[in-house]
Amino acid sequence: MSKILDGVIGYCVDKGMPLVSVLVVRQSNRCLDSSAKKEIVHVANSLGVDVGDSETFLDRQIEAAKELARRGVS
């Protein structure tokens, strides 16, 4: 994952927002690939986020990020 997206994760953690980088997916299959999932979890964990079970963490982040996108940021 790019350093830019790592920075987005840091910003989201700092602001208490969902990790919107989970919405950046491969165009071909519209899914996060396994290496992206691992990197998101790794970066979040390194920033002190309690990720617990990584798949559950990612699923929750995806739903929260989608909700944020639906309602907008204020």
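These are my notebook entries on a few things I looked up in this structure, which is a predicted model.

**Entry 1: helix α1**

I started with α1, which covers residues 3-15. How far apart should its ends be? At 1.5 Å a residue, the 13 residues of α1 should span 18 Å, and I found its end C-alpha atoms 18 Å apart, so the two agree.

Next I asked which residues of α1 are buried. They are Leu5, Asp6, Ile9 and Cys12. Looking down the axis of α1, I saw that these buried residues fall within an arc of 120°, so they line one face of the helix.

Just after α1 comes Gly16, and I wrote down its positive phi of about 70°.

**Entry 2: helix α2**

I moved on to α2, which has 13 residues. From its first C-alpha to its last, α2 reaches 18 Å, close to the 18 Å expected at 1.5 Å a residue.

I listed the buried residues of α2 as Ala36, Ile40, Val41, Val43 and Ala44. Seen down the axis of α2, they fall within an arc of 165°, so these residues line one face of the helix too. Turned away from that buried side is a face with the exposed residues Ser34, Lys38, His42 and Ser46.

Which helices do the buried residues of α2 pack against? I found two names to write down: α1 and α3, the latter being residues 54-71. After α2 I came to Gly48, whose phi is positive, near 95°.

Then I picked Gln61, which sits in helix α3. Is Gln61 buried or exposed? Its relative accessible area is 16%, and the cut-off for buried is under 20%, so I put Gln61 down as buried. Leaving out residues up to four places away in sequence, Gln61 touches Pro18, Leu19 and Val22.

Gly72 lies in the segment after α3. With a relative accessible area of 29%, Gly72 is partly exposed. I also checked Gly72 against Asp59, 13 residues away along the chain, and their C-alpha atoms are separated by 20 Å.

**Entry 3: salt bridges**

How many salt bridges are there? I counted 2.

One joins the side chains of Glu55 and Lys37, at 3.9 Å from N to O. This pair links distant parts of the chain, with Glu55 in helix α3 and Lys37 in helix α2, 18 residues apart. I looked up how open each residue is: Glu55 is partly exposed at 38% relative accessibility, and Lys37 is partly exposed with a relative accessible area of 26%.

Glu67 forms a salt bridge with Arg70, and their closest N and O atoms are 3.3 Å apart. Where do these two sit? Glu67 and Arg70 are 3 residues apart in helix α3, so about one helical turn separates them. Glu67 is partly exposed, with a relative accessible area of 35%, whereas Arg70 counts as exposed at 57%.

Key:
Residues numbered from 1 in each chain as written. Predicted model: local features only at pLDDT ≥ 70, side-chain atom pairs only at ≥ 80, totals over all residues. Heavy atoms only, no water. Helix = DSSP H or I, 4+ residues; strand = E, 2+ residues; numbered from the N terminus. Expected span 1.5 Å × (residues − 1). Buried < 20%, exposed > 50% of the residue type's maximum accessible area, 1.4 Å probe, protein only. Arc of directions from axis to C-beta. Contact = heavy atoms within 4.5 Å. Salt bridge = Lys/Arg side-chain N within 4 Å of Asp/Glu carboxyl O.
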